Amino acid sequence: MMKKQIMLACAAGMSTSLLVLKMRQAAEEKKLEVDILALPVTEAEEYVKHHSVDLILLGPQVAYQLKYLEELFAEKIPVAVIPMVDYGMMNGNNVIALAEGLMR
């Protein structure tokens with residue numbers, strides 16, 4: 001299986017850094033080959049123009065961008081909002097499980 005690219009997009013790209021670490025740990029435990037990065041949602045469109053991305057997960061604070069990004073990437077890249085509880089608790093295991101389901 002090729003390494004998958006997961007982008008977490010939030011308001012400033014900073015609040016997801018801890019979640020990225022937790023997700024990397026969970027992915028490592030499951031022996032998943034993923035690269036995970038966090039960016040401000042305002043940079044998501046430009047990043048995707050120049051990089052391969054398999055999934056975009058939005059922080060709950062930018063959930064209002066879901067419809068726009070879904071239309072922008074029209075079935076090329078799945079886009080979903082991280083559940084607020086998992087985001088708030090920085091539950092990397094649950095977010096990796098969500099990502100696995102969306103990338104199948």
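Helices here are DSSP runs of H or I with at least four residues, and strands are runs of E with at least two, numbered from the N terminus. Counted that way, this chain has five helices and four strands. What you are looking at is a predicted model, so please keep that in mind throughout.

Start with the order of the elements. Reading from the N terminus, they go β-α-β-α-β-α-β-α-α. The radius of gyration is 12 Å, close to the 13 Å that the globule rule gives for 104 residues, so the chain is as compact as a globular protein of that length. The C-alpha trace spans about 35 × 30 × 20 Å along its principal axes.

Two figures on packing. Buried residues make up 42% of the 104 in the chain. As for contacts, take those between residues at least 6 apart in sequence: 68% of them join residues at least 24 apart.

H1 covers residues 17-29 and H5 covers residues 92-102. How do these two helices cross? Their axes come within 8 Å, at an angle of roughly 70°. Angles of 65 to 115 degrees count as roughly perpendicular, and H1 and H5 are therefore roughly perpendicular to each other. The crossing of H1 past H5 is right-handed.

Which residues meet there? On the H1 side they are Leu19, Lys22, Met23, Ala26, Ala27 and Glu29, and on the H5 side Gly92, Asn93, Val95 and Ile96. By type, this contact has six nonpolar residues, two polar and two charged.

Definitions and conventions
Residues numbered from 1 in each chain as written. Predicted model: local features only at pLDDT ≥ 70, side-chain atom pairs only at ≥ 80, totals over all residues. Heavy atoms only, no water. Axes fitted to C-alpha atoms, helices over the stretch in contact; angles between N-to-C directions. Parallel < 35°, antiparallel > 145°, perpendicular 65-115°, else oblique. Left-handed = near helix turned anticlockwise from the far one by under 90°. Contact = heavy atoms within 4.5 Å. Nonpolar A, V, L, I, M, F, W, Y, C, P; charged D, E, K, R; others polar. Rg over C-alpha atoms; globule rule 2.2 N^0.38 Å. Buried < 20%, exposed > 50% of the residue type's maximum accessible area, 1.4 Å probe, protein only.
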